[in-house]
Amino acid sequence: MGGVGSVMRILAAPRRARSFRCLPLGTSPGKRCAAGRGHVGGGARAAKPSFVSYISPEEIHIKEPIEKEVNPRLLPGELLLCEASTVYKYMQEDGSNRGAYGKLVCTNFKISFLDDDSASDDNEPEFKNKIVGENDITLQCVDQIYGVYDEKKKLLTGQLRKYPERLIIYCKDLRVFNFCLRYTKEEEVKRIVSGIVHHSQTPKLLKRLFLFSYASAAPNNTDGRNQTVMFDTLEDWRDELERTKGNVKYKAVITNEGYRVSEKLPLYFVVPICISEESILKYEGRGIPIWCWSCHNGAALLKMSAFPKEQDDSTSQMQKAFLDGIYKTISKPPYELLKVDDLSSSLPSLQDIQTAYTRFKQLFLIDNSTDFWATDVKWFSLLESTNWLEIIRRVLKKAIEVAECLERQHTNVLLIEETATDLCCVISSLVQVMMDSYSRTKSGFQSLIQKEWVIGGHSFLDRCNHLRKSEKEEAPVFLLLLNCVWQLVQQYPPAFEFTETYLTVLSDSLYVPVFSTFFFNSQHQRDTSTSGESLKTQSGPFRFLTVWDWSVQFDPKAQAFLNNSFYAEKPKPDKSQRKTTRFKHQRQLSLPLTQAKPSTKRGFFREETDHLIKNILGRRIGKFINSSDEPPNNLREFYDSWHSKPVDYHGLLLPRIDGPEIKVWAQRYLRWIPEAQLHGGGTIAITAKILDLMEEVQSLQVKIEEEHSQAVSGDVHSVTTQRNSARLSSLFPFALLQRQSVKPALPTSTWKDLEDEDDLVRRDDEFLDLSGDMP
């Protein structure tokens, strides 16, 4: 195996000459001897050495194939399915063939590459995931698998007739793994390739997910300190109504207990007080305004699932009369105003979102340096052509429109969608993050996700395509929300208790089937799965783990990176002024003044009833159905006026959405690309340095207290964890210091013309000849 390692080291050498010479490549033995003898006598100069080495000093230490047995660390319920030895894993670095030998294994939970480092706990990173390691890929995280046959890539699906010599795995978290199987036994290649393709790409049943294997085998020791509100009890909803002062006009109902109304609706939800139980039961929850959140001024955000588009005349007339009655109980102008927005006509479709993200992620699924620099010169045009950032901008603009109605116009807003579980979830969550400072805390944001997404019935199983059943249902709706929230986090860091690292880790958790949070389509599906006979252990039905218990994935030291050290905590209110300010929004005084009573022409009134009902039944609804007398630029005035005032980090937040203000979420999308890193820079590196200073101050405080309390000072053990900022990069904490990729000094097109091997060797020879003439 040592010979194979030596050959691989030579093949893996980068095309960059070093500063020492011997003989030119391709020299025959005769020429080699002649060159060695040189000129004899007469004081003639000895022949210059002319061999160019392509092996850098650090490559001498490339790892040989592992000799000792390295076994994977298996979770409870995890089973080893197949494995292959002598697999060479290429490093995603500079286009060379650098890498390491190891073992490639596939379990019912993950694909894992094991080398010498896998068996050692030395030099572990500070930010280590206890569930998924650096070289682990959960089966749900696999996006596409390609095989390389004679330098040609081919997508691998289903049964394979021929097995590749290289395996390339593209992951949904944008990692790229490149494995060479040339030195692996043929039988092992067949088993590992077939196993990986079958278990990660073929459709499967829900009960075949590792989630259930883990649930039946792992002990139930969840962290009791989790403060996230799960919204799975009636009390949780009543507490939320009381917190937002919405209990005056809205009520939590138990009509769906036993899921007798609809399996898509949660057990408990909130509706206007005037809605009767018979109305909810009549059409299985469709056409019922469901409460999301109440503003400080009493205006509420509601959502509704529309009736099916295809209906016969008699059914359509019945539904029309039903909706007529519902809206008459809600809309009472001029005191109760309502604006309606059909998100299916005012925002991109799920198919458009999926198409845009598919194009967008291709910009970051890079497995070599050449591809990175080749696309660098046309980066902006490629980025714009994906339309992903434009979709983010449109979604944020829609959230601003809703916030303007609630905050400035004191108008209720009703969001309508076919199922009210996709774009409704995005907009309602964004509005709450922008308007409610509680949703910008860590526990508040997690409670928001539980309320609007998990309990709200977002189809995580279908939208993430965890079961590989249908790509038609797949759409990155939840990722769209996280991208929008990240825009706010990077624009207003002190307003959020959590960091961008928290959002990145949360996006990664979408593909970890240890937690039930993102692996069901509804509360009903989760509850029936939890109480199923197959999940009953000796102690009874198992309770699935929730992703909000971060101690399962990270130790306390790593969890510190999820918390924002710069968070501006909300000051305690002055008791002497509480009576005059408790009903006032902190940001309200800086907003433009509005009329106390809006015009009766604004909002929902009788003349529009028939037209509105027809649209709800499946026809097109405009962005806002109303006869507003406000000028078209009213939203722009609201936007500009807010941004002209100082920011209140605990009041209303409006994102900046003009031009370059919408940015790429660099940490999530660039973290695996060494060429894109900033050495010793990036926001996370700055944060780490400040954390070091804070820990040092705390350590000094402890030392001072001990010196005062003890007559004789003893040894003081510092708790400071120094993160050498010089070694950090913008990829931190997901990577420490990666090798620097050499960027072409010339434009990419010119650089490609100069990549001819002989030309580079000649240029290096000319450079090295200068030192060769020195005595």
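In helix 12, K397, I400, E401 and E404 meet N634, L635, F638 and Y639 of helix 22, where contact means heavy atoms within 4.5 Å. By class, this contact of helix 12 with helix 22 holds four nonpolar, one polar and three charged residues. The model is a predicted one, in which local features need pLDDT of at least 70 and side-chain atom pairs count only at pLDDT 80 or more, while totals for chains, interfaces and linings use all residues. Residues are numbered from 1 along each chain as its sequence is written, and side-chain values use heavy atoms, with hydrogens and water left out.

Two packed helices are described by the angle between their axes and the distance between the axes. For helix 12 (residues 388–407) and helix 22 (residues 634–643), the axes come within 10 Å and cross at roughly 90°; the two helices are therefore roughly perpendicular to each other, a label given to angles of 65 to 115 degrees.

Elsewhere, eight strands form an open sheet in the order 4-3-2-1-8-7-5-6, with antiparallel pairing, and two strands pair if DSSP finds at least two bridges between them. Strand 4 (136–138) and strand 6 (152–155) stand at the edges with a single partner strand each, so one side of each is left without a neighbour in the sheet. Within this sheet, strand 1 (residues 80–90) and strand 8 (residues 176–180) run antiparallel and are joined by three bridges, and Y90 has N178 in strand 8 as its bridge partner.

Terms used
Helices (H or I, at least four residues) and strands (E, at least two) are DSSP runs, numbered from the N terminus. Axes are lines fitted to C-alpha atoms, for helices over the stretch in contact, and angles run from 0 to 180 degrees between N-to-C directions. Angles under 35 degrees count as roughly parallel, over 145 as roughly antiparallel, 65 to 115 as roughly perpendicular and the rest as oblique. Ala, Val, Leu, Ile, Met, Phe, Trp, Tyr, Cys and Pro count as nonpolar, Asp, Glu, Lys and Arg as charged, and the others, Gly among them, as polar.
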